[in-house]
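Welcome! Here is a friendly look at how charged side chains pair up in one protein model.

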Amino acid sequence: DSSKPSNARFILCGLLAVLLMVSVGIYAVITARMQPRGQVSEQLVGTWRSERVDDPHGLGDSIWDLRSDGSARWRLGSGKSLGGAGNRTGYFEWWLEDPASLNTHQFSSKSAAMRAKLISIVLGPVAGRTDFELIDVSENEFTLRTEEGKAVIYRRTQDAIIEALP
């Protein structure tokens, strides 16, 4: 009779070990699929401000903080809120699929990005991706062409508000 509790413990330990291995495997697959989809250019890492030629809506220039981990924060130079929630800063992820293509994926926050990535593993890609043609890059400036064909120049800057965000 004393062997029954021992067998039960052995089976329980075996099941827990299998469950742990499956969990680690699922975690590895999820985190691998959640990495940026391309390369991050160290030349583009930093804080940039667009040079807006026309501003019919009075939103001001956009300020981007492109980070080396592929995440980015942005805000409007005017300080106006971004949409109905009253947020003054936004979150996106960025990467280069090739040297002439800067790609971004907009999310409402870093935690929303994690949720969207988990959902996309099951349901497929989620909306929010924008592709820009990267026309020119120098140490202090880069030029993008939007999907509508407009050229936008970003110049290196500093911005204490956006650079302080986690």
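Which residue forms a salt bridge with arginine 75? The partner is aspartate 159, with the closest N and O atoms 2.7 Å apart. This pair links distant parts of the chain, 84 residues apart: arginine 75 lies in strand β3 (residues 71-76), and aspartate 159 sits in the loop between β8 (151-156) and α3 (160-163). Helices (H or I, at least four residues) and strands (E, at least two) are DSSP runs, numbered from the N terminus.

The model is predicted, so local features need pLDDT of at least 70 and side-chain atom pairs count only at pLDDT 80 or more, while totals for chains, interfaces and linings use all residues. Residues are numbered from 1 along each chain as its sequence is written, and side-chain values use heavy atoms, leaving out hydrogens and water.

A salt bridge here means a side-chain nitrogen of Lys or Arg within 4 Å of a carboxyl oxygen of Asp or Glu. The whole structure holds eight salt bridges, including these two:

| Pair | N to O distance |
|---|---|
| glutamate 97 and arginine 129 | 2.6 Å |
| glutamate 141 and arginine 155 | 2.8 Å |

Glutamate 141 is in strand β7 (residues 141-145) and arginine 155 in strand β8, 14 residues apart. Glu51 joins Glu141 and Arg155 in a network of salt bridges.

How accessible are these side chains? Buried means under 20% relative accessible area, exposed over 50%, and partly exposed in between (1.4 Å probe, protein chains only). Arginine 75 is buried at 11%, and aspartate 159 is buried at 8%. Glutamate 97 is partly exposed at 44%, as is arginine 129 at 35%.
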